[in-house]
Amino acid sequence: MRVLEHEIIKRFSPLPEAERYLKVLCKVVDGINSRSSQKLPAPRIPHLTARPKNPFIENLVDSLAKVRTWRAAIANNPAHKVRGDESTPEIPNLGLLFASAILHGGLADANLLIALGRALGEFPSSSVLLETRLAIRLSVSWQGESASEYRLWHPDPHTGTLISQVSAEKLPPVFLNPESNSQSDKAIRAEIWRQIERYFRAIRLPKPDRPTSLGMMLKAVRIDFQSRLPIVLANYSNRSLVSHSVPMHVMERLYRVSKSRTVTHSANITRTDSSDLISEQNQLFLDMDDLEPYWLQKLRRVFSTNRKPDDIHRQLANLGSPPDTPENCFGEFALHLVSTRSASGNILAPSTACSYLVMVVKRLGGRLGETSPATLLDDTLEDLYKEILQDADQEGSFRGLRRRISKSLREFHHFLVVKHQHSPINEREVLGIGKGLLPVDANLITWDEYERVMSVLPQTLTRLHPTLPAITELGKALQLIFMLSFKCGLRRMEVLMLTCADFAEHDPTELLVRPSDARRLKTKSSTRKLPLYALLDESDRDALRLWKASRMSGVESTISHEKFLFGIPEMGTDVITQDLVFPVIHEAMRSVTGDNSLHFHHLRHSFASWTFMRLMLADQCDITDILPLHPKTTAVLADSQSFRNRLYGRECMTRRHTYAVASLLGHSGPEISLEHYIHTCDILLSLVLSQDESQPQKKPVRIRSAQPRSTVYRWLSNGLEHVPYRMTRNRGLYAIKPIKSTSGTDPAHTSAEKNSTTITSDIFDQVWGMLFQHTFHGRQLDELCREIGISLEAGQRMLNKAIEISERRVARGKKGYQHRMMDMVFDRRDRTNITRIPCPEPPRTGHEKKIVSSLAEKLTPLMLQQPELCHKVLSYYLDNVWSSRGYVIFRDYLNFEAALDFLNFMEALGIKKSSMEIISFDPAERSSYVPKWRIMLGIPRNFPITKAPSNGKANVRAKKWLAMMPLFPSGDDLAVGESEKGSNAFRYLMVMGAIVLQAFSPLK
């Protein structure tokens, strides 16, 4: 038997294959022994063990020596122009540029170099000047998925000087390919190595000292960085960990710069925050019955005792519950899951519906207590969805769990849209449904902006709610809530549901974050104790003590510790409601910063980013002035060592800064904190590299600049990084200047104002949201116009146009409406009282949303470039589109100009005649009008013109009619039998285009 085992191992390879055959041998022998009296010897049970990873770095000394040799070769050799082939006749310093980016710039990963190659092909639109520094925007792929990570790379002065001399005409064609896929990435990587190899060969570096491959060079540099840099930054440079930078509009706000032209980024920057991993122990903790409300157990029993959907539907319909309660809302959700199609158009199995229900009740219902989610605003719901996806720990089967949570929340919001008239959400941005890394909504505010928001919060509350009782006390409560979230990183429900007992006011002052009946924390690691003695100033702690004392006064001692810390008796509720707190804080934050994308949860991002930066800077000898236009932030960063000593209780350097931040945030590990909350790794890596002894000195930078010596020395007086900044600026590629505030106006307010002629493709959704918020929720029009950056006059014109369109009746009978608008129930207690509001029905399915998104990108510039054509076509569309179908009717071939304009308009949107359906209303087999239409519109004879279906009635005038309608390819999420013509999406875009066109001077 042993001989047979060895023969199997020799014959079959690799070893996993031999292991499978040995297992078959065991089964064969077992089968023979069970049927025969003569027993064969039992073979040994095969077990393939994995070879343990070598804990020691191989060739450590040789790798460090080679990296030093490469750096010395770059520093000791003047700039070389490498002679190329016919396709690239002369490529100055391109190999030197990539070698310097690896050795000095901190790009120790092939995907980062590929992203740099693409950025060079887009230079200078891929770069930006911040104060006196050059920055490059990198859109990095992850596991084959393009644009998954966004980084703002700050090149070192040597690499930046080389980049500032790049021109697209002298780059290899492979860098100019805008498509990002595995083949193009492979070609760019090969070209990068070719250029590096040519450079080292051109400077006559001995062959034994040259890198043999790009992978070998990157591996050696990674080892060098691990010996020089803090390990978290070394891992950031080689992408062992991921951390997103803040998007470009945030950097422009932080540095108060204004560009002479708009620069768009190919990556999806507006990413939402995502979920952590969850451990098996925490999953068991979540499944405990004591975390379930009693009514969820009733719903569970309905699903467990019935197998047929009809029986489940009947029992759910008979469950009675009080209105406007969580029990009623989630009961309706359960009935919706088993009675209608899902958001993707599928019929859910009862087990799937039950899984979605339990997931939403535990994760959303547990946060709201006795508040029904159907009564919350859409912004509040979006923030709650984001928090839910961020609350799981970084353990276990992360991808599968997060996918189930996203699908459950998607179905729940689809239910709110259908049953409770809520607005649809962007599933990609809010729920992160898609491939690659999870989207991250990276944004933060500075300490200076924090102080200004604190000062305007009471005035903002008074302006929005002037008649509220106890408004002075409420203003103080909002300031404390804002302060705890910014300086302690508390989530919205963690701070709202604090009890008086959670605040230990005696020294050392601490704050307990723990579960209660009103707030269930989703993970064990979320239970934590925050050291307020280190996180808050003495004045902040005194303010909390005074507030707690006022809450405790006049209350019986037996129940005083159970009181909510932020409850105001005059308000009539145990705790301040979410719909009152967060809209006021959002308004104050956005009015101060001019950034309408800010949300309350970004305070948690700010806490994580600034705390991590302060701890990392505390270990640096020289703390540079990072944000000179924000003096308070500069002072806080300068006091980093004192902050570290207070937090740790000792004066010493440590490598546990990331774990400290993760602990303060309530995460089980630092991975999720770095990927989703900390957005300052790019700045820290640049600062640490600039202070490393391996950085080039002044002479190589001066030589590579190719500028007069006197000019370069004048630039060097302001710092080494000033050289690439001035070289890029002197090329005339940018006109970036700090915005000067006049008459006490904050420059952020100026940057928030949009030019009336500068619109983006999301203007249609923004205007739709403005109309919906004004007509349904009653928000002031001037406030909404200010949020989306248009004038009140333009907003009023768009509102009047929307009202006029919504009131149009069909020509025949005057009974029905010509255009589809939303029918809303203003009072949920009376479902029969339905009101039509001037908001076009938005796209519902994913297919319709894709159609609107793709066409909006082309309609937006068309409205700017050809407003007269857009006005004529959109006006004709409003007057002549059928209400029941998507046909646009043209009534006489003699007046063919309208049809010709429509065809030109559609072609400008990228829709050709071959992608349109053209219909004739002449029932005759050989129509005399169709050839005339063909001649007038240039339609070839072989193009099919279909006949309109007959309704059994003769209409002589309709014989001359011709109808057109665009066709769109079918989407994967279309329900069975759903039309492929995309009429709903196209109708929405055309009606919204007619409304948005009013933002310009109205055309007569």
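A residue counts as buried when its relative accessible area is under 20%, and as exposed when that area is over 50%. Cysteine 500 has 1% relative accessibility and therefore falls in the buried class. The model is predicted.

**Cysteines**
- Cysteine 488 has a relative accessible area of 0%, so this residue is buried.
- Cysteine 500 is buried as well, at 1% relative accessibility.
- The structure contains 0 disulfides.
- A disulfide would be a covalent bond joining the sulfur atoms of two cysteines.

**Helices α25 and α27**
- Helix α25 spans residues 602-617 and helix α27 spans residues 640-648.
- The axes of these two helices come within 8 Å and cross at roughly 100 degrees.
- Angles of 65 to 115 degrees count as roughly perpendicular, and α25 and α27 are therefore roughly perpendicular to each other.
- On the α25 side, the contact is made by Thr611, Arg614, Leu615 and Leu617.
- On the α27 side, Ser640, Phe643, Arg644, Arg646, Leu647 and Tyr648 take part.
- By class, the residues of the contact of α25 with α27 comprise 5 nonpolar, 2 polar and 3 charged.

**Tyrosine 659**
- Tyrosine 659 belongs to helix α28, which covers residues 657-665.
- The relative accessibility of tyrosine 659 is 52%, so the residue counts as exposed, given the cut-off of over 50%.
- Between tyrosine 659 and glycine 669 the C-alpha to C-alpha distance is 6.5 Å, with the two residues 10 apart in sequence.

Conventions:
Residues numbered from 1 in each chain as written. Predicted model: local features only at pLDDT ≥ 70, side-chain atom pairs only at ≥ 80, totals over all residues. Heavy atoms only, no water. Disulfide = S-S within 2.5 Å. Buried < 20%, exposed > 50% of the residue type's maximum accessible area, 1.4 Å probe, protein only. Axes fitted to C-alpha atoms, helices over the stretch in contact; angles between N-to-C directions. Helix = DSSP H or I, 4+ residues; strand = E, 2+ residues; numbered from the N terminus. Parallel < 35°, antiparallel > 145°, perpendicular 65-115°, else oblique. Contact = heavy atoms within 4.5 Å. Nonpolar A, V, L, I, M, F, W, Y, C, P; charged D, E, K, R; others polar.
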